[in-house]
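Thanks, everyone. I have one structure to go through today, and I will keep to what can be read from its atoms. Please have the viewer open.

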Amino acid sequence: MASVTFERVDKSFGTTPALRDISFEAGSGEFLVIVGPSGCGKSTLLRLVTGLESPDAGRILIDGVDVRGMPPKNRGCAMVFQSYALYPHWSVFDNIAFPLRIRRVPKGRIAERVRGIAGSLKLSAHLDKRPKALSGGERQRVALGRAIAADPQIFLFDEPLSNLDAPLRAGMRAEIVARQRELRRTALYVTHDQTEALTMGDRILVLDAGRIMGDGTPQDLYHDPPNRFVATFLGRPAINLVRGRLESINGTIRLEPPGWALPPSVTDRLGARTAGVVEIGVRPEHIVVQEGTGLSPWRVTAREFLGEKIQYTVVRADCTLIGFGPHE
Ligand code: ATP
């Protein structure tokens, strides 16, 4: 196992800054998800770890050792890509065996290891097939198998599930996390998908425009986001942002509009502020919609049946909220 540390790393391509002042540490055995919109610098960050790119400033340490100038093959990393990057004319067996052959592992040992890995990834029946005879999910399991065969200190995943459809993605998410827990290797996992970040990461690094906007556990970043970007990026449906004026009446602080008396959990965060315009974030699951009183100034504009509950869009003046109600 190995930790990965970035200390004030900058990276530009010509005049385009890709990463700015990046500092974080992925602890040994940790599953760190790096998430952010397209172009925020996620892939560049992985390429810096592998040694395919070098930082302009700052230091990168693997297990406490500064890797400046260290060739990629000595860094103990194995990468899994969105495109699978399998050898199309080789069998599944040969693709998985590749890292072992490079290391000149004896033939018998290779066969044993490949069959073991194929068994754990449910690929045993496919060992003689070529990649084109496999489904997308199976191909990605072969790519994962090849990375496992390399026995790396660090797994690097670059959007590995983007080519798969939704049910397969859910299965592979669980598969990757299970293998990483079993092997207890450090993993850096790049994605633009907030669901993958929340469900897979021990910790999440949220990037935007080359900067770190949030660094914490999925729970902390979801329930207590450090800024508006993280609040809106994580969570679907997205957090409701309500802009209004604070008014203090008889010791109660209200938000006008929409005329809410704010509970202590919110007013505690306002500190000494009891006036002025603020924006308050409310997760949809904290808004309970009840239909039928006829007295509410809120109008239901959309009602979506989700099985055990109903998702509502409600509108009042220029404020739109998403909330949930029980299934009648
Ligand atoms: P995506 O999710 O779309 O793959 P990303 O978050 O992985 O994006 P990067 O690929 O790391 O983002 O790119 C970050 C920025 O650096 C972008 O503005 C990109 O255009 C630029 N960039 C990346 N690689 C190069 C390169 N080799 N030459 C020039 N610019 C580059």
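This is a predicted model: local features need pLDDT of at least 70, side-chain atom pairs count only at pLDDT 80 or more; totals for chains, interfaces and linings use all residues.

Start with helix 2, residues 92-102, and helix 4, residues 136-149. At what angle do helix 2 and helix 4 pack? The angle is about 25 degrees, and their axes are 7 Å apart. Angles under 35 degrees count as roughly parallel, so helix 2 is roughly parallel to helix 4. Their crossing is right-handed.

Now the residues that make this contact. Helix 2 contributes Val-92, Asn-95, Ile-96, Pro-99 and Leu-100, while helix 4 contributes Val-142, Gly-145, Arg-146 and Ala-149. Sorted by class, the contact of helix 2 with helix 4 holds six nonpolar residues, two polar and one charged.

Staying with helix 2, which of its residues are buried? In helix 2 these are Val-92, Phe-93, Asn-95, Ile-96, Ala-97, Pro-99 and Leu-100. The cover over the buried residues of helix 2 includes helix 4 and also helix 3, residues 107-120. Just after helix 2 ends, Arg-104 has a positive phi, about 55 degrees.

Next, the other packing of helix 4, with helix 5, residues 166-183. Here the angle is about 15 degrees and the axes lie 11 Å apart. Helix 4 and helix 5 are therefore roughly parallel to each other as well. The crossing of helix 4 and helix 5 is right-handed.

On the helix 4 side, the residues are Gly-137, Gln-140, Arg-141, Leu-144 and Ile-148. They meet Leu-168, Met-172, Glu-175, Ile-176, Arg-179 and Leu-183 of helix 5. The class count for the contact of helix 4 with helix 5 is six nonpolar, two polar and three charged residues.

Setting aside neighbours within four places in sequence, Asp-151 is in contact with Arg-103 and Arg-185. The C-alpha atom of Asp-151 is also 8.2 Å from that of Gly-76, although the two residues are 75 apart along the chain.

The strand residue is Val-65, in strand 5, residues 65-66. Val-65 has a relative accessible area of 45%, which means it is partly exposed. Not counting residues up to four places away in sequence, Val-65 touches Ile-60 and Met-70. Val-65 and Met-79 are 14 residues apart along the chain, and their C-alpha atoms are separated by 20 Å.

Last, the cysteines. How many disulfides does a search of the whole structure find? The count is zero. For Cys-40, the nearest cysteine sulfur belongs to Cys-77 and is 19 Å away. A disulfide is a covalent bond between the sulfur atoms of two cysteines. The cut-off used for such a pair is 2.5 Å, and Cys-40 is in no disulfide.

What is the burial class of Cys-40? Its relative accessibility is 1%, so Cys-40 counts as buried. Cys-319 is buried too, at a relative accessible area of 15%, because the class takes in values under 20%.

That is the end of my list.

Terms used:
Residues are numbered from 1 along each chain as its sequence is written. Side-chain values use heavy atoms; hydrogens and water are left out. Axes are lines fitted to C-alpha atoms, for helices over the stretch in contact, and angles run from 0 to 180 degrees between N-to-C directions. Helices (H or I, at least four residues) and strands (E, at least two) are DSSP runs, numbered from the N terminus. Angles under 35 degrees count as roughly parallel, over 145 as roughly antiparallel, 65 to 115 as roughly perpendicular and the rest as oblique. A crossing is left-handed if the near helix is turned anticlockwise from the far one by less than a right angle, and right-handed if clockwise. Contact means heavy atoms within 4.5 Å. Ala, Val, Leu, Ile, Met, Phe, Trp, Tyr, Cys and Pro count as nonpolar, Asp, Glu, Lys and Arg as charged, and the others, Gly among them, as polar. Buried means under 20% relative accessible area, exposed over 50%, partly exposed in between (1.4 Å probe, protein chains only).
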